[in-house]
Amino acid sequence: MSKTENYEMVAKTMAELEDVLANELIKLGAQNVEVGNLMVSFTGDTALLYRANLHCRTALRILKPIHTFVANNADEVYEEIKKIEWDNYLTLDKTFMIDAVVFSHIFRHSQFVSYRVKDAIADYFYEKQGKRPSVS
């Protein structure tokens, strides 16, 4: 990650705190701040990512997406997740966990989405390396 390159990020928060979090992010230098349901999206550089993690009192997590897409069903989620080059993020000797949060009229069960994402990542490794990583 280059310090000067801007990234899209998402800060997760609790209900009713979205506007407070947006103001915290703006004060830290966030750009393109947009309030959503239980989250605030924004752009900034790596330094902002670190500042937000240290100084935002109302953020539960600061996330830097590695891939974005629109899916209309579980099969599309699976296919899109499988397109990601997971070798850049995981190795077979590591355990990974999926923590899905779903706010969608299409997907109603976060655990089902978690299973599809887990399956896509495991299948990615199985097809490339003949083994699946451990899943927690």
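1. Buried here means under 20% relative accessible area, with exposed meaning over 50% and partly exposed in between, for a 1.4 Å probe and protein chains only. Helices (H or I, at least four residues) and strands (E, at least two) are DSSP runs, numbered from the N terminus.

2. A word on what you are looking at: this is a predicted model, in which local features need pLDDT of at least 70 and side-chain atom pairs count only at pLDDT 80 or more, while totals for chains, interfaces and linings use all residues. Residues are numbered from 1 along each chain as its sequence is written, and side-chain values use heavy atoms, with hydrogens and water left out.

3. Now the overall layout. The protein chain has four helices and six strands, and along the sequence they follow the pattern β-α-β-β-α-β-α-β-α-β. Its C-alpha atoms fill a box of roughly 50 × 35 × 25 Å, taken along the principal axes. Of the 136 residues in the protein chain, 38% are buried. If you take contacts between residues at least 6 apart in sequence, 64% of them join residues at least 24 apart.

4. Back to helix 3 and its start. There, a side-chain oxygen of asparagine 73 reaches to within 3.0 Å of the backbone nitrogen of aspartate 75. Arginine 116 has its place in helix 4. Leaving aside neighbours within four places in sequence, arginine 116 is in contact with Ala74, Asp75 and Tyr78.

5. The largest nonpolar core has 17 residues, and Ile81, Trp86 and Ile121 have the most contacts inside it. Helix 3 (74–83) and helix 4 (110–129) each supply at least two residues of this core. Helix 4 gives the most, with six residues. For the term itself, a nonpolar core is a set of buried Ala, Val, Leu, Ile, Met, Phe, Trp, Tyr and Cys residues joined through side-chain atoms within 4.5 Å.

6. Which residues does isoleucine 121 contact, leaving aside its neighbours within four places in sequence? They are Ile81, Trp86, Leu90, Phe96 and Ile98. A second, separate core of 16 residues includes Ala11, Leu25, Leu28 and Cys56.

7. Serine 114 lies in helix 4 and counts as buried because its relative accessibility is 13%. Not counting residues up to four places away in sequence, serine 114 touches Ile98 and Ala100. Lysine 128 is also in helix 4, but this lysine counts as exposed because its relative accessibility is 53%. Lysine 128 and aspartate 87 are 41 residues apart in sequence and 9.6 Å apart in space, C-alpha to C-alpha.

8. Next, the largest pocket, which holds about 1800 Å³ of space. It is lined by 45 residues, and Leu63, Pro65, His67, Asp99 and Val101 lie nearest its centre. On a 1 Å grid over the protein atoms alone, a pocket is an open set of points where a 1.4 Å probe fits, with protein on both sides within 12 Å along at least five of seven lines; lining residues have an atom within 4 Å of a point.

9. What makes up the lining of the largest pocket by class? There are 30 nonpolar, nine polar and six charged residues. Strand 1 (7–12), strand 2 (31–36), strand 3 (39–44), strand 4 (61–63), helix 3 and helix 4 each supply at least two residues of this lining.

10. Finally, two backbone angles to check. Glutamate 16 is not a glycine, yet has a positive phi of about 80 degrees. Glutamate 16 sits in the loop between strand 1 and helix 1 (18–28), and counts as exposed because its relative accessibility is 72%. Leucine 38 has a positive phi too, near 65 degrees, and lies in the loop between strand 2 and strand 3. Is leucine 38 buried or exposed? Leucine 38 is buried, as its relative accessible area is 17%.

How values were computed
Contact means heavy atoms within 4.5 Å. Grid points are joined across faces, edges and corners, and a volume is the space filled by probe spheres set on the points. Ala, Val, Leu, Ile, Met, Phe, Trp, Tyr, Cys and Pro count as nonpolar, Asp, Glu, Lys and Arg as charged, and the others, Gly among them, as polar. A polar contact is a pair of N or O atoms within 3.5 Å; within protein, one must be able to donate a hydrogen and the other to accept it, and residues adjacent in sequence count only if both atoms are side-chain atoms.
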